[in-house]
Amino acid sequence: PPGFVESSCRSRIFWMKLNKLLLQGKFFQLEINDPYTGPILLDEKLASRCGYVLSEDVWGNPVFRASVLGCHVVNEADELFSLTVNIKVSSFSSMRAAVTYTYPMYCSYSSWASREIVCEENYMEVSVKTDVPAVSNDYTVAWMSALPETQNVAYQQWQLMFVSPSGRTRITVSDAAKLGYSFNNTLSRVYLRAPYHSNESDISMVSGVNMNMVTSTSMYRQRWLLLLIDTTVSCPVDGISFTDRTLTWTVPSVIPTLVVQESTFLSKNILMGIDDRVIVNLEEKNYLLEHNETHIRITIPIGAEGGKLKSSISGGVYGIIYSIDLFLEHTWTDADWQTTKYTVIKSITTPFMPQIPTVTNNTLPEERLFNVAFGHFLPDVSLVAITIGNVPFTLREAQHHGFKIYETPFSNRTKGFSLEVSFDDPYVLKEYVNRNETKYTLLLNYTVSVGLEMTLYYHSAEVECVIADIEIPEAVGYCDEENLYLAIPTFGLHQYWNLYLGNKLLNRQVALTNGYLAATNSTHLILQIPLFAVGVIYEEVSFQKIKSRFDVALRKVRTMETLQMFSVSCSFNSSAFIICHPDGTIMISAEMKTVPAIDMSKTKLRDSSCKPREYNEGHAFFKFHVTTCGTSVRFEGDHIIYENEISYEKETLPGQSISAITRDPDYRLTVLCYYRAKETLVLGVFTSDPSTSPPFGSGTMVPRSNIAVHRRIRQALNVVSRVSKDESFTEFYEPNMAILKQPAESVFLEVELKDESPNAELYLENCWVTRSLDFNSTPRWNITVDG
């Protein structure tokens, strides 16, 4: 078929290449068509002995090479050569029903050097010109015409003598053939073809390169004629080195076994080529050919033109292999051989070179679109599937879903694969981070098909992008006569952040328990907080006026980090109220409506020294601590109740021992403060700032008029604290004694509750040190926090 076979003749070697595309799915064999004996099947043993090479080029096309001195080559006067090859093609491995294509090749070669050496992949060949003394011109024609008939007879008279480390061996030509050698003579030449690493060969190092050498002498003896011809041959078997960017092939310039008189050696010409083509402009292709007195060195960039890069997988790792078919032709002269032409054909393949693919994030956040590049790969790699998150997609499914996937070619003959995925795609992971940012994460797993073998390779990647695309909500606060209100946007609520009241999650249950009303519309959550509800902070409390504040913290769902505080603060006019602070401070604005009216300045608490701080005709304002002013304490269920009462002292005339008649009413107002027993009420030195701590106690005022009140004995808690000298708590510092401690040094503090009541419990929460007896003075140093 057209384009099936290409052939050429280069440096006395037949070259033939078959097109692999026309052999896909088929089997083929080569036969050498001998004009006298017919077709002979080409096999490996025949190839090395007869001067044939059957291999593949770097592109996978079958290649056949043959020496013009090979078996079954028709030789016309050592100038014209022809070889006919039968190419048998079949669809079956048994080669039945094969189609045979007969292909003749021709080669013209007359510029023979005195000695020519070919170092092929599977054999070494040396041919030597035989300078037999010339006869008279009258007999030349007859001699020449008679030579073919006498060749076969003369062939039997040749013997070969090998010199090896084991000694000298002399054998006949026919015995040498049994050992894999091939020897023959033509009209003007004698040649020897030898396999590599035979028993008669030797390995020697020349200028750092291992050479396989066969030292031999060909002898022709008949009666008085003795003809000795040096047929020694030596070929390099290594000399290849690699870096991650280049390969280097080194061949010795002077081979001592081939050049006896090195002083007469003169290099005449050096050529390099790829396949069967000589490269002339080396610089254009970035090839480097160097030579000096000892070496000829060829350096080729990995991936250079003329070779082939191939993708491969080794141990689950992607990498490349570079192959190139080179030849070197070196011509030199010396005193012994006049001209030697030395040709080396070398197929070079690099070791597996790992090439970890790169994943490049080309994402443009403003477009909210992941753009991920995956590469670089050789053209023999194809993307076949992609997994996003944990969901696998074929390319068709991915594109149907809305992902964009396309190939991107690069200038160095590689390619990559680009993927576009929207931030809003359901398979993209989204995480709220920092204050107002979202982290979008794209989890990828690429599946690519590598090489002709279509080996699957997997590569996972994770691409992230953080953008500020979340708006922190702003709350609106307002008040009416009895309530505080907070209107908070519901966007992102419970998804990104939650509302907290102190350290408690503000949900519907907490709101209901604390007496809040919560309502939602399409955009906002509206909280209604009664003035005297739990959680309200009283910033200023004075006679008939309260300045209160309610705080809600906006915290991140996962980290609990506070992002924003929503506050509403208002001032209220209230004629009657009781406020119970967590530090035990009680503030009361009492309204006294009696007939006749009483003098509010003469009202008092159980301890008559506790008078109102402010008053007018109908109101009195008291502020005191639960440990003072005759306050009593009792336990009911899970509550601690502190009780006091406001009363009016009737006026009597001085000096009278009996009661006097008066119009003043007998007035009593009982004041109760309720605290949960399991929550901490800090007494005495364990105090906190009432302006910043939300009250958690609830108060009740119970008016009692004209009723005799049973005065209870004051129940004061007896709390004693002392500092131990060490952790054994056996020796303690004296009271009021100065104690010097370093900032990082431990303080061993013992606090004891001396109370006979079985319902009394002690919880130690915050302890600190100040410079003065005022508990609220600054600076202050914490000893324990959240104990």
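Is I279 buried or exposed? I279 is buried, at a relative accessible area of 12%. Here buried means under 20% relative accessible area, exposed means over 50%, and partly exposed lies in between (1.4 Å probe, protein chains only).

This is a predicted model: local features need pLDDT of at least 70, side-chain atom pairs count only at pLDDT 80 or more, and totals for chains, interfaces and linings use all residues. Residues are numbered from 1 along each chain as its sequence is written, and side-chain values use heavy atoms, with hydrogens and water left out.

I279 sits in the loop between β23 (277–278) and β24 (288–291). Strands are DSSP runs (E, at least two residues), and helices are runs of H or I with at least four; both are numbered from the N terminus. Setting aside neighbours within four places in sequence, I279 is in contact with M272, G273, I274, K285 and Y287. Contact means heavy atoms within 4.5 Å.

T299 belongs to strand β25 (residues 295–301). T299 is buried too, with a relative accessible area of 15%. Neighbours within four places in sequence again left aside, the contacts of T299 are T246, L247, T248, N286, Y287, L288 and E290.

Strand β41 covers residues 497–501. Five of its five residues are buried. W497, L499 and L501 point one way from β41, while N498 and Y500 point the other way. In a regular strand the side chains alternate between the two faces of the sheet.

β41 pairs with strand β46 (residues 545–556) in the antiparallel sense, over four bridges. Two strands pair if DSSP finds at least two bridges between them. In this pairing W497 stands opposite K556 of β46.

β41 also pairs with strand β42 (residues 504–505), antiparallel, over two bridges. There L501 stands opposite K504. The hairpin of β41 and β42 has two residues between the strands. In this hairpin G502 takes a positive phi near 65°.

## An open four-strand sheet

Another sheet is open and has four strands, in the order β1-β2-β6-β5, with antiparallel pairing. Its edge strands are β1 (5–10) and β5 (52–56), each pairing on one side only. The twist averages 15° from one strand to the next. Axes for such angles are lines fitted to C-alpha atoms (for helices over the stretch in contact), and angles run from 0 to 180 degrees between N-to-C directions. Six bridges join β1 to strand β2 (residues 13–18), and the two run antiparallel. C9 has F14 in β2 as its bridge partner. Strands of a sheet pair through backbone hydrogen bonds, either parallel or antiparallel.

## Salt bridges

How many salt bridges does a search of the whole structure find? The search finds 25. A salt bridge is a side-chain nitrogen of Lys or Arg within 4 Å of a carboxyl oxygen of Asp or Glu. Three of them are tabulated here.

| Pair | N to O distance |
|---|---|
| R368 and D424 | 2.8 Å |
| K415 and E407 | 3.2 Å |
| E539 and R549 | 2.5 Å |

R368 and D424 meet in a salt bridge at 2.8 Å. This pair links distant parts of the chain, 56 residues apart: R368 is in the loop between β30 (358–361) and β31 (369–377), and D424 is in the loop between β35 (415–422) and β36 (429–433). R368 is partly exposed, at 25% relative accessible area. D424 is partly exposed at 49%.

K415 counts as buried at 12% relative accessibility.

E539 and R549 form a salt bridge, with the closest N and O atoms 2.5 Å apart. E539 lies in strand β45 (residues 536–542) and R549 in strand β46, ten residues apart. E539 is partly exposed at 26%, whereas R549 counts as buried at 18%. Elsewhere, salt bridges that share partners join R12, E116, E125 and R193 into one network.

## A nonpolar surface patch

V747, V769, W781 and I783 form a nonpolar patch on the surface. Together they have about 310 Å² of accessible area. Accessible areas come from the Shrake-Rupley method with a 1.4 Å probe; for residues, only the protein chains shown count as cover. Patches are made of residues with over 30% relative accessible area and no salt bridge; like charges are joined within 9 Å, and nonpolar side chains (Val, Leu, Ile, Met, Phe, Trp, Tyr) within 5 Å.

V747 is found in the loop between β57 (719–724) and β58 (748–753). V747 is partly exposed, with a relative accessible area of 32%.
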